[in-house]
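This report describes one protein model together with its ligand. The sequence and structure are shown first, and the description follows.

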Amino acid sequence: HTLPSAHPLVDGRTTAAPLVRALRGDRPAEVPVWFMRQAGRSLPEYRAIRAETRMLDACLDPAVASEITLQPVRRHGVDAAVFFSDIVVPLLLAGVEVDLVAGRGPVFETPVRTAADVARCRAEYPAERLRAALDPVRDAVALTVSALGETPLIGFAGAPFTLAAYLVEGGPSRDHLRARTLMHAEPETWHALLDWAAELSSVFLEAQVAAGASAVQLFDSWAGSLSAADYRAHVAPASQRTLAAVQSIGTEADSGPTVPTIHFAVGSRHLLEETAALGTSALGVDWRTPLDEASQILGDRLPLQGNLDPAFLGAPDEVLRAALSDVLRRGERAPGHVLNLGHGVPPETDPAVLTRIVELAHAR
Ligand code: CP3
């Protein structure tokens, strides 16, 4: 395969950037660092832009989305940008009626709960409809990548289970009980739903990669609510297909996929074996599981990303420094380490603390 990208910078950047090297199991001189939710409400320059623009409008305006994506790179000197978008954007572009409600999250006009609902989604909002509507995403990525130069852009998508959990519930929920019930009550309907969600996620990721993203992260925010057996039987095949779609885009002889993948699920220590078996290049680990323990469970097979507890961002400097050293030391056990938080940046975070973490990590 060759990379189906028109962007001339793609080839040079992908192999050399510390982030990409670490995701392939290498140890660059400085540990690469970025923060989940770095492009967002902790930055005053972000709030200034968002004051006049609705969230999903900002995602679909290439100049705005690109500017917001670049802000944390300029301010903190992180080793990667993460594309400013949202996990519901592919659903929206496929035609699904969805809104992002501040302080709440994704809310769907019509929850997807029955075999007929799933059949209607697949018929009315097929992946081809998404593919035909992706220009704003392609343009935002291309603009961003050309402004980033040597710094890689991480593309992302929501994993099929997390998308399905929102669709079935109609919005955020605590334990995703309705979604998990559908899985057992109507397994065929469930698989049809996940199949469709996996296709939308794949198409969204492929567009970002084709436009110049150097790595991608699949967010399975709610997978932690599943048992290992249910994850394996009812969720893993869909996530695996989505990751495989990205990994099949050009492979380099001895260093694996051209565009490495990160899989991240919150609260998923009990799923480490299952998520490692998805075939992802690297695994994100939340703050609950020390990186050396995660690596040991995995037989030290996979590069890891994480996992400073966001709660330390508000602690005194010496407390933060000790926690950071601990994460970096434990991360040495894995075949590669990308420093990150154990979940997203909280909105009330002092941005100077994030800049400080980047400096400390690079100075080590
Ligand atoms: O990480 C980044 O900086 C890139 C952008 C990004 C956003 N959402 C922007 C956003 C990414 C990677 C996401 C992923 C996302 N979106 C996930 C997976 C990650 C995770 O946290 O587990 C999930 C579950 C969503 C769904 C979603 N979108 C939620 C729960 C919310 C929060 C609602 C709220 O206001 O509290 C959103 C909205 C959202 N997505 C915001 C941002 C910056 C906040 C919008 C605002 O600024 O008002």
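His176 counts as buried, because 23 C-beta neighbours lie inside 10 Å; a residue is buried if 20 or more other C-beta atoms, placed from the backbone, lie within 10 Å of its own, exposed if 12 or fewer, and partly exposed in between. The residue is found in the loop between α10 and α11 (177-185), and has a positive phi of about 55° although it is not a glycine. Helices (H or I, at least four residues) and strands (E, at least two) are DSSP runs numbered from the N terminus.

The model is predicted: local features need pLDDT of at least 70, side-chain atom pairs count only at pLDDT 80 or more, and totals for chains, interfaces and linings use all residues. Residues are numbered from 1 along each chain as its sequence is written.

## Overall architecture

The secondary structure of the protein comes to 18 helices and eleven strands. For 364 residues a compact globule would have a radius of gyration near 21 Å, and the 19 Å of the protein agrees with this; the radius is taken over C-alpha atoms, and the globule rule is 2.2 Å times the number of residues to the power 0.38. The C-alpha trace spans about 55 × 45 × 45 Å along its principal axes.

Of the 364 residues, 52% are buried. Among contacts between residues at least 6 apart in sequence, 74% join residues at least 24 apart; two residues are in contact if their C-beta atoms, placed from the backbone, lie within 7 Å.

## The parallel sheet

Seven strands form an open sheet in the order β1-β4-β5-β8-β9-β10-β11, with parallel pairing. Its edge strands are β1 (81-82) and β11 (337-341), each of which pairs on one side only. Two strands pair if DSSP finds at least two bridges between them.

Strand β10 (residues 304-308) has five of its five residues buried, so it is largely enclosed by the rest of the structure. Two bridges in the parallel sense pair β10 with strand β9 (residues 282-284), and Gly284 stands opposite Gln305 in β10. Five bridges join β10 to β11, again in parallel, with Asn307 opposite Asn340 in β11. Asn307 lies in strand β10, and the peptide bond from Gly306 to Asn307 is cis, with omega near -15°.

Arg288 lies in the loop between β9 and α16 (291-297). With 15 other C-beta atoms within 10 Å, Arg288 is partly exposed. Not counting residues up to four places away in sequence, Arg288 touches Gly267 and Arg269. Arg288 and Gly267 are 21 residues apart in sequence, and their C-alpha atoms are 7.2 Å apart in space.

## Ligand surroundings and annotated sites

The ligand is surrounded by 23 residues, the closest being Ala39, Gly40, Gly105, Phe219 and Ser221; a residue is near a molecule if its C-beta atom, placed from the backbone, lies within 6 Å of it. The shell has twelve nonpolar, six polar and five charged residues. In this classification Ala, Val, Leu, Ile, Met, Phe, Trp, Tyr, Cys and Pro count as nonpolar, Asp, Glu, Lys and Arg as charged, and the others, Gly among them, as polar.

An unreviewed UniProt entry annotates Arg37, Gln38, Ala39, Gly40, Arg41, Asp86, Tyr166, Ser221 and His343 as "binding site". These residues span 307 residues in sequence, and the farthest two C-alpha atoms are 23.0 Å apart, so they do not all gather at one spot. UniProt positions are given in the numbering used here, feature names are shortened, and annotations may be inferred rather than shown by experiment.

Arg37 lies in the loop between α2 and α3. Its phi is near 65°, a positive value in a residue other than glycine, and with 17 C-beta neighbours inside 10 Å Arg37 counts as partly exposed. Gln38 is placed in the loop between α2 (18-23) and α3 (44-50), and counts as buried with 28 C-beta neighbours inside 10 Å. Leaving aside neighbours within four places in sequence, Gln38 is in contact with Pro72, Val78, Val82 and Val345.

Tyr166 belongs to helix α10 (residues 160-169). It counts as buried, with 28 C-beta neighbours inside 10 Å. Neighbours within four places in sequence aside, the contacts of Tyr166 are with Pro106, Phe108 and Gly171.
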